[in-house]
Amino acid sequence: ASDISGIALMTAKPNGGHLSVNAIPRGMSRPLVCATLNPYYLIFYSTAIENRVAKIANLFAAHGFMKEDETKLSGRELGEAAAEGINKFYSTLKIPSRLSEFPNLDENVCSALIEGAKKELSKSSFKQVPVGLTLLNTAKYLRLVYQAAFAGDYPIIMNF
C-alpha cells in the first residue's frame, strides 16, 4: 500500500491521502488508509492534473484494469475511470476501496480527517495541492472527498 501511494504521489502529485492520515486512529495502517484515499483525491484533482491522470490511466489500461478507450476520456471522467482502475487493482491485493471497509472507522472519521488535513495544509501554506484549497474552503471540498471515500461514491466529489 505504501508503494502504491508513493507511485501516485510521484506520478500525479495528489498528496491528498497524506494530508489526513495523522487523524486516523492509532493501530490502523496509515499507508493502507492513504492508499484507499488516493483514488478519491485523484478524482478531486483530475481537472487540474489531467495530463498526470492520463499517465496513470495508461498504466492501468496496459495492465488490464481499465478499458483502452477510457484512456481517451478527459477531465473528471478520466479521473473517475482511473480511480476505478486503481480500485480494481486494489481488489487483487485485497486493499480496501472505501473507508467503510476498515473495521474501526465510522462516518465520524470524516470530521477528523478534515481537521487533520487543515492542520497539514496550514503548515505547508497549501502549496502541496494542485487546486486552490484554503482554510475557508477546505471543509467544503474535502468533506465530500472523505464522504465519497467512506461510501465509495465518486459522484459526490466536487471539483474546483
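Here are a few friendly points on this predicted model, taking a helix pair, a single residue and one further helix in turn.

1. On the H4 side, the contact is made by Glu-50, Val-53, Ala-54, Ile-56, Ala-57 and Phe-60. H5 contributes Gly-75, Leu-78, Gly-79, Ala-82, Gly-85, Ile-86 and Phe-89. Sorted by class, this contact has 9 nonpolar, 3 polar and 1 charged residues.

2. Next, have a look at Ile-43, which lies in helix H3 (residues 30-45). Ile-43 counts as buried because its relative accessibility is 0%, and the cut-off for buried is under 20%. Leaving aside neighbours within four places in sequence, Ile-43 is in contact with Arg-76, Gly-79, Glu-80, Ala-83, Tyr-154, Ile-157 and Asn-159. Gly-79 is also one of the H5 residues in the contact with H4.

3. Finally, helix H7 (residues 138-151) has 14 residues and spans 20 Å from its first C-alpha to its last, close to the 20 Å expected at 1.5 Å a residue. Its buried residues are Thr-138, Tyr-141, Leu-142, Leu-144, Val-145, Tyr-146, Ala-148, Ala-149 and Phe-150. Just after H7 comes Gly-152, with a positive phi of about 75°.

Conventions
Residues numbered from 1 in each chain as written. Predicted model: local features only at pLDDT ≥ 70, side-chain atom pairs only at ≥ 80, totals over all residues. Heavy atoms only, no water. Contact = heavy atoms within 4.5 Å. Helix = DSSP H or I, 4+ residues; strand = E, 2+ residues; numbered from the N terminus. Nonpolar A, V, L, I, M, F, W, Y, C, P; charged D, E, K, R; others polar. Expected span 1.5 Å × (residues − 1). Buried < 20%, exposed > 50% of the residue type's maximum accessible area, 1.4 Å probe, protein only.
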